[in-house]
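Q: I'd like to learn how to read a structure like this one. Could we go through it feature by feature?

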Amino acid sequence: MATFHFDLVSPEKLAFSGEVEQVDVPGIEGDFGVLAGHAPVVAAIRPGILTVTSGGAKQKVIVLGGLAEVSDKGLTVLADVATSLEDLDRARFADTIAEMEAKLTEKDGSELDREIERLDHFKSIQNELSTTAMH
């Protein structure tokens with residue numbers, strides 16, 4: 001399978017840089033897969049699980065928003081937060097969800113709508129973590 005260059009960058013670090021076969025990205029307008037030769041595109045990322053396939057192995061990374069850019073140079077993801085599943089503190093992640101739920105009563109109107117949508121994304125990540133073997 002053909003490869004392309006992929007960089008995953010967060011404010012804290014360069015989380016990944018190398019040749020990959022495929023990257024599945026959680027886009028705001030729907031998840032999408034990137035293979036070598038993909039058409040140029042810039043897309044917003046929603047909180048979700050990004051999957052990197054390299055050498056036949058899959059690596060899953062939780063991203064909490066950002067941008068993805070596909071160009072002739074490859075794919076670059078600028079993530080607000082990028083945490084590999086091995087580094088994820090699941091108890092802390094659950095606490096974050098509980099805090100988000102508690103703060104919903106402080107919101108109203110469009111701000112409440114945005115917070116509910118963000119909470120739904122976090123719960124979706126948590127559900128995927130608890131219901132799959134993550135392969």
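Predicted model: local features only at pLDDT ≥ 70, side-chain atom pairs only at ≥ 80, totals over all residues.

Q: Now the rings. How do I describe a pair of aromatic rings?
A: In general, you give the distance of the centres and the angle of the planes. Here the count comes to one aromatic pair. The partners are F6 and F16, with 5.5 Å from centre to centre and 35° between the planes, so the pair is tilted.

Q: Which strands do F6 and F16 lie in?
A: F6 belongs to strand β1 (residues 4–9) and F16 to strand β2 (residues 14–20), so the pair ties together parts that are 10 residues apart in sequence.

Q: Are F6 and F16 buried or exposed?
A: Buried means under 20% relative accessible area. F6 is buried, at 0% relative accessibility, and F16 is buried too, with a value of 17%.

Q: What about charged side chains: how many salt bridges does the structure hold?
A: The idea is to look for a side-chain nitrogen of Lys or Arg within 4 Å of a carboxyl oxygen of Asp or Glu. This structure holds two such bridges. In one of them, the side chains of R46 and D31 meet at 2.6 Å, N to O. R46 sits in strand β5, while D31 is in the loop between β3 (22–25) and β4 (32–35), so this pair ties together parts that are 15 residues apart in sequence.

Q: Are R46 and D31 buried or exposed?
A: R46 counts as buried, at 18% relative accessibility, whereas D31 counts as exposed, at 56%.

Q: What else does R46 touch?
A: Leaving out residues up to four places away in sequence, R46 touches P26, G27, I28, D31, V63, G65 and H121. With D31, the side chain of R46 also has a polar contact of 2.6 Å. The strand that holds R46, β5, covers residues 41–54.

Q: And which side chains meet in a salt bridge at 3.5 Å?
A: Those of E111 and K107, again taken N to O. E111 is partly exposed, with a relative accessible area of 34%. K107 is partly exposed as well, at 24%.

Conventions:
Residues numbered from 1 in each chain as written. Heavy atoms only, no water. Phe/Tyr/Trp six-rings, centres within 6.5 Å; stacked < 30°, edge-to-face > 60°. Helix = DSSP H or I, 4+ residues; strand = E, 2+ residues; numbered from the N terminus. Buried < 20%, exposed > 50% of the residue type's maximum accessible area, 1.4 Å probe, protein only. Polar contact = N/O pair within 3.5 Å; in protein donor to acceptor, adjacent residues only side chain to side chain. Contact = heavy atoms within 4.5 Å.
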